[in-house]
Amino acid sequence: MVAAVERASSGFVGEDLSRANLDDIPLKGVRWDAGTIWPDEWETWIRQASRPAGGEEGVLIVASEPHSSVVSADA
């Protein structure tokens, strides 16, 4: 039950965040997918900071630090 609540509170799968102000919002652990729309200024950072979620095809999780490679949300 706790895991389900944690997933729901950090799930941005399919959400349109294009107009969201993400400044000072902790994004570590946020789940997202190819349907998630990020603000333009956040798109590259989010892709660099994300890794595939184990067991959830097409879902990515934002890690604590950006990485030098970009992960496809279609993976």
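Start by selecting D24, which is found in the loop between α1 and β1; helices (H or I, at least four residues) and strands (E, at least two) are DSSP runs, numbered from the N terminus. The model is predicted: local features need pLDDT of at least 70, side-chain atom pairs count only at pLDDT 80 or more, and totals for chains, interfaces and linings use all residues. Residues are numbered from 1 along each chain as its sequence is written, and side-chain values use heavy atoms, with hydrogens and water left out.

Stay on D24 and look at its backbone. Phi of D24 is near 65°, a positive value in a residue other than glycine. Most residues other than glycine have a negative phi. D24 has a relative accessible area of 81% and is therefore exposed; buried means under 20% relative accessible area, exposed over 50%, and partly exposed in between (1.4 Å probe, protein chains only). Accessible areas come from the Shrake-Rupley method, and for residues only the protein chains shown count as cover.

Together with D24 they gather in a patch of negative charge on the surface. Patches are made of residues with over 30% relative accessible area and no salt bridge, like charges being joined within 9 Å. A salt bridge is a side-chain nitrogen of Lys or Arg within 4 Å of a carboxyl oxygen of Asp or Glu. Asp and Glu count as negative, and the place of a charge is taken as CG of Asp or CD of Glu.

Keep D40 and select R19. R19 lies in the loop between α1 and β1 and, at 84% relative accessibility, counts as exposed.

Move to W38, in the loop between β1 and α2. W38 counts as buried because its relative accessibility is 2%. Show S18 as well: W38 and S18 are 20 residues apart in sequence and 4.8 Å apart in space, C-alpha to C-alpha.

W38 also belongs to the largest nonpolar core, which has 12 residues, the others being F12, L17, L22, L27, V30, W32, W42, I46, A49, L60 and V62. Both α2 (40-48) and β3 (60-62) supply at least two residues of this core. A nonpolar core is a set of buried Ala, Val, Leu, Ile, Met, Phe, Trp, Tyr and Cys residues joined through side-chain atoms within 4.5 Å.

Finally, show the whole chain. Its 2 helices and 3 strands run α-β-α-β-β from the N terminus on. Of its 75 residues, 31% count as buried.

Terms used
Patches are made of residues with over 30% relative accessible area and no salt bridge: like charges are joined within 9 Å, nonpolar side chains (Val, Leu, Ile, Met, Phe, Trp, Tyr) within 5 Å. Accessible areas come from the Shrake-Rupley method with a 1.4 Å probe; for residues, only the protein chains shown count as cover.
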